[in-house]
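Good morning. I will go through one model today, starting with a term and then taking the backbone, the confidence and the interface in turn.

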Amino acid sequence: MEKLLEMLEDLAPGTDVATATDLVDGHHLDSLAILSLVADLEDEFDITIPAVEIIPANFNSAEALWAMITRRMEE
Amino acid sequence: MESYCSLVYVLLFLVPFLLLYRFVPGQGKRYVLLAGNLIFFWWISGIRVLYIVGTAVVIYLAGFGIGMLQEKRNAALSTAEKADRKTIMEASRKKQKGLMLVALVFVLGLLLVLKYTGFAVEILDAVLEKLVPGTFLTPPTILVPIGLSFYTLEAIAYLVDVYRETVKPETNFLRLFLFLSFFPKLMEGPISRYEPLARNLWDGGQMTREGAIRGSMRIFYGLFKKVMIADRLNPLLDQVFLHYMEYNNGVMNWIATLFYMIQLYCEFSGNLDVVIGSAEIMGITLTENFKQPFFSKSISEFWTRWHISLGTWFKDYIFYPMSLSKPLKNLTKSARKKLGNHYGPLVAGAIALFTVWFCNGLWHGAGWRYIFFGMYHFVLILCGNLIEYPARIVTDKLHINRQGKPYKAFQIIRTFILVVVGELFFRAHGLSAGIAMFKQLFTSISFDWITTGSIFTLGMDRMDFVIAAIAVLLILVVDILKERGVDVRGKIMETPAPVRIAICTAAVLVLVMFGAYGLNYQPVMPIYANF
């Protein structure tokens, strides 16, 4: 989780990424930033994130992102 | 019927339809709606209603076939050895993909032939003219069904979602057809996703007193935007964009471009207000298509607030699938090694972004100016991402607070100007006219038309300017309130009955007395219905 927060801070400086629940809806992450994040997550956690997972509900908060990462790691 | 913002639609179609929909019980509602959809489509497109029926049949059959393949696969998996599972999955996926591609080629082919044949012939004609001077090809006249680009994207989304297994394949053709042909969204969107809308339409909306009042207010607000502003600005815009060479006045071009941005917003979002309000009265929720776009701090944010359903469609069905495809993922990996974590993913992103904006431009229309418009936004979004890091360093060094109000105001104004300039190319009569008008913005600066009062001879007199300004101000106030999370319609509904009645009566009177009707005005045609 710490690593994830670091990545988010890098992409959305000035945003309280640990508590934010509107990272996508609040325009803190745009589509190119999400692409960067996906590349980071795939490398860091050795997972594959398909296009169907890229929905605001999965990217709006660190918690939702962590749930998706955990799910992808289990699959 | 030319537009949702017309008395013909509201009084002759919507009101009788709603009365019938209200009093027909239970499952009868779905058949009333089906008949309403067909009558509406026939009214606006005649025999071309067959195109949407054809699209629905093909998409239904393909979705049904994919569903059967998925069932067959699941049955095989339940009895298969672990070692065989991957082979079964891959074989089934291949067949599903084949079926999906056949259907996509059909619906996209139909779109391309109906919408782009004329443009293709124009290009061919220009090439032939260079090779064999004197050759002349005449573009064929093809009658395109209204709303083709909207329902085609919805059909594609449904089929891809069935293939991705995020939507269950439809077994009932009427249910799918009811969704694709839902009359309020047929001409200008919003581009909707299959669920939960298909379920709501099939089950029938719950019509309530509150929904009827809220929906009616929304329809009225849409009419206000269209009749008080969009139609009022139309004569001046026609004059300036048609006679820019004669006028040769950069200041007028700035004014006309700004007015066009206002007109486009009021016309498109006004129509969508009528659309969403119509559905709201029926107890059906449609997705929002605008979210105070002029408060955007960047171009990429602007496209998450303007025509939201189109932007989301392009993201979900082109941008992410392309960026996350195997070749582009490999490209991202090697680019990250060379360019680092920030710029590395931008390489693959830029390729996907280029495709999105090329398609976005073409979706808006068959013409070079639309492609240019798409490329304009592609370049701006890409540059925004490229300069993000250096800009952050510079602002830090200059001790500029990026979270402060002055900096945010600067970002909003900068974005607004960039968007407005882009619209000049969008509205101009051709790309060369757009480029010429753009040059005039900076070279032919003269305030003569304003100081001499000649500006009032272009189809908008002084009173028109005053009325339009007051109306725009009102919309700005409503947008500010909405941006702050205020439910304006809810607040009006909370007021005591006499106040509420007074507000509604005043609003109707204002619309009747100051609307842009009559011989001096030529109502603007629904701009997005032609896309």
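A word on accessibility before anything else: with a 1.4 Å probe and protein chains only, buried means under 20% relative accessible area, exposed means over 50%, and partly exposed is what falls in between. By that rule B:Glu165, at 37% relative accessibility, is partly exposed.

Now the conventions. This is a predicted model, in which local features need pLDDT of at least 70 and side-chain atom pairs count only at pLDDT 80 or more, while totals for chains, interfaces and linings use all residues. Residues are numbered from 1 along each chain as its sequence is written, chains are lettered from A and ligands numbered from 1 in the order in which they are written, and side-chain values use heavy atoms, with hydrogens and water left out.

Back to B:Glu165. This residue has a positive phi of about 65° although it is not a glycine. B:Glu165 sits in the loop between α5 (148-164) and α6 of chain B; helices here are DSSP runs of H or I with at least four residues, strands are runs of E with at least two, and both are numbered from the N terminus.

A:His27 is not a glycine, yet its phi is positive, about 65°. A:His27 belongs to the loop between α1 (2-11) and α2 of chain A, and with a relative accessible area of 23% A:His27 is partly exposed.

Next, the prolines. The peptide bond from B:Gly189 to B:Pro190 is cis, with omega near 10°, and B:Pro190 lies in the loop between α6 (173-180) and α7 (194-203) of chain B. The bond from B:Glu195 to B:Pro196 is also cis, omega again near 10°, but B:Pro196 is placed in helix α7 of chain B. For background, most residues other than glycine have a negative phi, and most peptide bonds are trans.

On confidence: pLDDT is the predictor's confidence in each residue, from 0 to 100. Chain A averages 87, and 100% of its residues score at least 70.

Now the interface. How many residues of chain B are in contact with chain A? There are 28, against 23 residues of chain A, contact being heavy atoms within 4.5 Å. The buried area, meaning the accessible area (1.4 Å probe) that two parts lose on being put together, summed over both, is about 2,000 Å², and carbon and sulfur atoms give 57% of that. B:Tyr320, B:Leu324 and B:Arg336 supply 27% of the area that chain B buries against chain A, more than any other three residues.

The count between the chains is one salt bridge, defined as a side-chain nitrogen of Lys or Arg within 4 Å of a carboxyl oxygen of Asp or Glu. A:Glu42 forms it with B:Lys329, the closest N and O atoms being 2.8 Å apart. On the side of chain B that touches chain A, α13(B) gives the largest share, ten residues.

Last, B:Thr332, which lies in helix α13 of chain B. B:Thr332 is buried, at 9% relative accessible area. Not counting residues up to four places away in sequence, B:Thr332 touches A:Ala39, B:Pro345 and B:Ala348.
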